[in-house]
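These are my notebook entries on what I looked up in one structure.

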Amino acid sequence: MDSGREHGGKECGGAARDGEQLPVTRRYLGLDRRHFLGAAAGLTLGLTAACDTGPRSARDSGPSPSGPGHLTAEQARPGNADWRIRSVGPPGAIAGYTDRASVLPGEECGLHVSTTAPGFQVSAYRVGWYGGAQARLVWRSDHTKGQTQGAPRVLAGTRTVQADWQRTLTLPTGSWPPGAYLLRLDADHGHQRYVPLIVRSPSAAGTTVLLHAPATWQAYNTWGGASLYQGDNGAYATRSLAVSFDRPYDADGAEKFLVYERSVVVLAERLGIPLSYTTGIDVHHTPSTLDGATAVLSLGHDEYWTPEQRDHVTRARDAGTNVAFLGANACFRRVRLTPGANGTVRTVTCYKTDYRTDPYLAAHPDRPTNDFRQAPAAAPESALTGVLYEGFPTDAPYVVHSPDHWLYDGTGVRQGDSFDHLVGVEYDRVTPGMPTPGELEIIAHSPLVCNGRDSHADSAYYTVPGGAGVFASGTMRWAEALMAGTRDNGDNHGMDARTGAFVTRTTENLLRAFAEGPAARTRPTPRNNIRDVYAT
């Protein structure tokens, strides 16, 4: 995967590409010594393809109840290993988008498609383990007449790109079980694109919640020429100040999901723990979305949050719901969501360094769309995540600091063991002087160099009085490492099968423990070692 697919548009060393200053603490006291655990061992995710069992249409897939207990039956069904795209083709060959970022089973959802082919077909694949096939064909459309829809328009003021295409067909989601879906558009001329869709669960009670990040997918989406990072000339100054869901995603149509989220979905489904599915947008809108959940998983790149989403996740944590951040740079940007004509969220607004020019700010001075850590309304993300985003780009080994931590059980790691390339391309660290929950243990402390400056990335674990445990990996490559040593996702930055086995076993330990309920009640108390690791 090239660097352009993984970078976050920020630079380390204290200065972000957007122009803001990131606080940096680089004082380092050293590693304290603990006993070794034993020889290296581990389990791999085992992302091998199973045999294709053939297509299943809407007529023969049958009804699928949406409760979390019924996902066990869904997970046991045979999969379809033919879900991958074979030919993206030239720009405009075929592309599409849904008019909702997520739906409940049975909720109406329109699909808007443009293609240069005379016709196309849509195949809806639910992502999961499925014996190694990693997806199941839940529905396939009839052959549909193709048309080339109009060029996008750009909204003045915010430079927002919108396709505004006509609806091509309506998706019959009534029999679709909750999950993460890839709608594959297959054009008559052989070219293909994905359209991602989350079919969310009606309830999270008793489940581990997979929290998908469509706001972040959209922030990086350059379809039509602009994203929240650059305009059509590639310059930051001409970037969009708001981005619309009424347009396709660029590249293959689901790049951010495939790189940063899919592998966690596959692993979680393979473990068979009770699961539910939702998005940050749904958590923003409905405070009860996370009620009763045993855990919430923020996946590999979950950067753009609203204050409401953050408040609702924090409330769930304080009520005993475990939280894991399986990436870096989470909860970094503060955004505003606005609905479209159908009443669902269609726009993500983030003015970043130009937040003072946002007309909304005059009447809502406590709602700037800049970084959470920045004034006004400064609220560094470390108060929730335990770690603070520091920078981009880097590539460094992941170095184990606390080998006897329960998260590393069964990995055989010893203090100082390292895993090449696991830290990157963005990273987080515990930053003394910034808000940090009380009892926090640094379990990995990885030296790195970022734009010529020495620093560290940290994996950290803490608990709160309500019993919840919170883990942050501190590296954006954690989810990608679940695929290391397999044929998926290119060369995974050079990460090898040993790294894949280590990250897989550690993540298995995390998911199984968090699925049991408040981790502070069943797992050892974290040892507050910030002073031991960093001089103060």
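**Entry 1: the cavities**

I note at the outset that I am working from a predicted model.

I then traced the lining back to the secondary structure, where strand 1 (94-98), strand 11 (192-199) and helix 3 (214-219) are the elements that give two or more residues to the largest cavity. Helix 3 supplies the largest share of that lining, with 3 residues. Sorted by class, the lining of the largest cavity has 8 nonpolar, 2 polar and 3 charged residues.

**Entry 2: the second cavity**

The second largest cavity holds about 70 Å³ of space. I listed its lining, which consists of His212, Ala213, Pro214, Ala215, Gly280, Ile281, His284, Asp302, Tyr304, Thr306, Gln309 and Leu337. Two or more of the lining residues come from helix 3 and likewise from helix 6 (280-285), and helix 6 gives the most, with 3 residues. By class I recorded 6 nonpolar, 5 polar and 1 charged residues around the second largest cavity. Comparing my two entries, I see that helix 3 is named for the lining of the largest cavity and again for that of the second largest cavity.

**Entry 3: a helix pair**

Next I asked at what angle helix 5 and helix 10 pack. Helix 5 (residues 262-271) and helix 10 (residues 497-515) pack at about 60 degrees, and their axes are 11 Å apart. Roughly perpendicular would need 65 to 115 degrees, and the two helices are therefore oblique to each other. I also noted that the crossing of helix 5 past helix 10 is right-handed.

For the contact itself, I found that helix 5 brings Leu267, Ala268, Arg270 and Leu271, which meet Thr504, Thr507, Glu508, Leu511 and Arg512 of helix 10. By class, this contact has 4 nonpolar, 2 polar and 3 charged residues.

**Entry 4: the backbone**

Before going through the backbone, I reminded myself that most residues other than glycine have a negative phi, and that most peptide bonds are trans. I then looked up where the cis bonds fall. The peptide bond from Ala375 to Pro376 is cis, with omega near -5 degrees, and Pro376 sits in the loop between strand 20 (345-349) and helix 8 (382-385). Phe392 and Pro393 are also joined by a cis peptide bond, with omega about -5 degrees, but Pro393 has its place in strand 21 (residues 388-399).

Asp164 is not a glycine, yet it has a positive phi of about 55 degrees. I located Asp164 in the loop between strand 8 (160-162) and strand 9 (169-171).

Terms used. Residues are numbered from 1 along each chain as its sequence is written. This is a predicted model: local features need pLDDT of at least 70, side-chain atom pairs count only at pLDDT 80 or more; totals for chains, interfaces and linings use all residues. Side-chain values use heavy atoms; hydrogens and water are left out. Helices (H or I, at least four residues) and strands (E, at least two) are DSSP runs, numbered from the N terminus. Ala, Val, Leu, Ile, Met, Phe, Trp, Tyr, Cys and Pro count as nonpolar, Asp, Glu, Lys and Arg as charged, and the others, Gly among them, as polar. On a 1 Å grid over the protein atoms alone, a cavity is a set of points where a 1.4 Å probe fits but cannot get out, and a pocket is an open set with protein on both sides within 12 Å along at least five of seven lines; lining residues have an atom within 4 Å of a point. Grid points are joined across faces, edges and corners, and a volume is the space filled by probe spheres set on the points. Axes are lines fitted to C-alpha atoms, for helices over the stretch in contact, and angles run from 0 to 180 degrees between N-to-C directions. Angles under 35 degrees count as roughly parallel, over 145 as roughly antiparallel, 65 to 115 as roughly perpendicular and the rest as oblique. A crossing is left-handed if the near helix is turned anticlockwise from the far one by less than a right angle, and right-handed if clockwise. Contact means heavy atoms within 4.5 Å.
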